[in-house]
Amino acid sequence: MTRRYSALSLFREGLGGHRGWQPAWRKADPRPAYDAIIVGGGGHGLATAYYLAKNHGITRVAVLERGWVGGGNTGRNTTVVRSNYFYPESVALYDLALRLYEGLSRELNYNIMLSQRGMLIAAHTPMQMEICTRIANAMQLNGVDGALMSAEEAMRRVPLLNRSEDARYRCMGGIWQGRAGVARHDAVAWAYARAASGLGIDIIENCAVTDLLIEGGRVTGVETSRGTIRAERVGLAAAGATPGLAARAGVTLPIHTYALQAFVSEPVKPCLDTVLLYLGTGTYVSQSDKGELVVGGGLDRVPTHGQRGNLPAQETVLSGLLEMFPAFGQLKLLRQWAGVVDVVPDSSPVIGPTAVEGLYLNCGWGTGGFKAIPAGGWLLAHLLARGEHHEISRPFGLDRFVTGRLIDEAAGSGIAH
Amino acid sequence: MQRFQCPFCGLRDETEFHFATEAGKSRPEPAEEVTDAEWAAYLHLNDALKGQAREVWVHLTCGEYFLMTRDTLTREVSGSEALPGRAS
């Protein structure tokens, strides 16, 4: 039976007809009580469980997932990882995630297929280039790799870019982050699930949390579709489902939920070896290892909990794609889907305690949760274990909406919501 | 393309509309007695629940705000009416 993945184990299993592989994680049944419960078996929840065990030695932990592991936004995003943000607080957060991603395949013994192929945020006017200069400078001051890229360099790197003189949004260059890239999104969830399960954590799928148990102002457990489970500490890592869960504890959040769509084309030969975002169209695109073009854009504009997109947003995103790459007009779309994202007013996540003792949040990631999975897990684990903020998560508490100390990345780095 | 009912203009494409806020919030007053927490709640906090919701929307082309009742999961709209005091 193979426990550790390697070229040697692949060879050895091959000799035995591949009959010795075991499931990557145990299918656990709920026990009556745990030291901590994490609601949500996506990347953030599973990473939280792993870091609770690894960083804090807490292994009597359950991850409760209403569907299947990684079936929510973790399996619905466009797999981009990056830390090209403006404010120091954001860079500290997202670059923690990127640094952890850089070592993750080795640490978890699972190939997450991280490909640091770089990302270009393309500008179209001299004014936008000035803003890009400002963001690139901020990135450098905050200690991450960011640089201004010229139009010539952009055209050299992305030969299929729209070069027409009368293009509506002509690429004038933009911000380049070489460490940005893509990672296999499912593999990230599966890798954390396998590692957490290996450290003794129970991953319980098809277990919907229907209520939070509160006694004397503190959380004492959860009610689920598979019975009552007790725990003194509960972490919510449930993206668009967070408002409904928090409401069970009387906690109201600064969240609106929207559908965010993504698309993949039929597979084609390699034609785009970087991640590209156009400021003018809001569309971003990369090419997967299978050759599909993976395309995303802005939010649907109607608040919803339905995991499906609407046609006007599709038209906006895809017309944006054709503005960037007229040649892609020949491609057929293979799939289109949507996830429900939790959007807060300043486009930064909410990580921190609530008014209910023992109840902690990791939500509000909006359109950008995937890139932050390792950091979200690391920081929520710290909160659950210590009962207090990690230095990096402190600015992201709910209290910022009362003090007014918002971290407005919509204004700072122009992210899409 | 979904179509929403503007109480003033009738059925129009969803792209002509913009979500403003959940209905039922009232501005806390008087200002000098409003705490930071109360003001933050008024500004930022939402229920954002799955299912029936009552919301304030604006029809961008005529500029009128109005109330819409709809299901946030199925997107089915069950009613649309002018704000109190605004005849349609």
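This report walks through a predicted model, beginning with chain A as a whole and ending where chain A meets chain B.

## Chain A as a whole

Let's start with the overall picture. Chain A contains 12 helices and 19 strands. Along the principal axes, its C-alpha atoms fill a box of roughly 65 × 65 × 40 Å. For 417 residues, a compact globule would have a radius of gyration near 22 Å, and chain A has 21 Å, so the two agree.

How much of chain A is buried? Buried residues account for 53% of its 417 residues. Sequence distance is worth a look too: take the contacts in chain A between residues at least 6 apart in sequence, and 75% of them join residues at least 24 apart.

Now zoom in on strand β1 of chain A, residues 36-39. In a regular strand, side chains alternate between the two faces of the sheet. Here Ala36(A) and Ile38(A) point one way, while Ile37(A) and Val39(A) point the other way, and all are buried.

Strand β1(A) pairs with strand β2 (residues 61-64) of chain A: the two run parallel and are joined by four bridges. Within this pairing, Ile37(A) stands opposite Ala62(A). To get from β1(A) to β2(A), the chain passes through helix α2 (residues 43-56), making a right-handed β-α-β crossover. Strand β1(A) also pairs with strand β12 (residues 233-236) of chain A, again in the parallel sense and over four bridges. There, Val39(A) stands opposite Leu236(A).

## The helix in the crossover

Is α2(A) mostly covered or mostly uncovered? It is mostly covered, with 11 of its 14 residues buried. Among the buried ones are Gly43(A), His44(A), Leu46(A), Tyr50(A), Tyr51(A) and Leu52(A). The elements covering them include β1, β2 and β12 of chain A, along with α7 (185-198), β19 (359-363) and α10 (373-386). Just after the helix comes Gly57(A), which takes a positive phi of about 70 degrees.

## A buried residue in a loop

Where does Val344(A) sit? You will find it in the loop between β17 (333-343) and β18 (350-353) of chain A. Val344(A) counts as buried because it has 25 C-beta neighbours inside 10 Å, and the cut-off for being buried is 20 or more.

Leaving aside residues up to four places away in sequence, Val344(A) touches Pro254(A), Ile255(A), Val350(A), Gly364(A) and Gly366(A). Thr257(A) is another residue to look for: it lies 87 residues from Val344(A) in sequence, yet their C-alpha atoms are 8.9 Å apart in space.

## Where chain A meets chain B

Finally, look at the two chains together. In this model, 21 residues of chain A are in contact with 20 residues of chain B. On the chain A side, the elements giving two or more residues are α8 (242-248), β13 (256-265), α9 (311-324) and α11 (400-403). Which of these gives the most? That is α8(A), with three residues.

The residues on this side of chain A divide into 12 nonpolar, eight polar and one charged.

Terms used:
Residues numbered from 1 in each chain as written. Chains lettered and ligands numbered in written order. Predicted model: local features only at pLDDT ≥ 70, side-chain atom pairs only at ≥ 80, totals over all residues. Contact = placed C-beta atoms within 7 Å. Nonpolar A, V, L, I, M, F, W, Y, C, P; charged D, E, K, R; others polar. Buried ≥ 20, exposed ≤ 12 C-beta atoms within 10 Å, placed from the backbone. Rg over C-alpha atoms; globule rule 2.2 N^0.38 Å. Pairing = 2+ DSSP bridges. Right-handed = clockwise from strand over helix to strand, strands pointing away.
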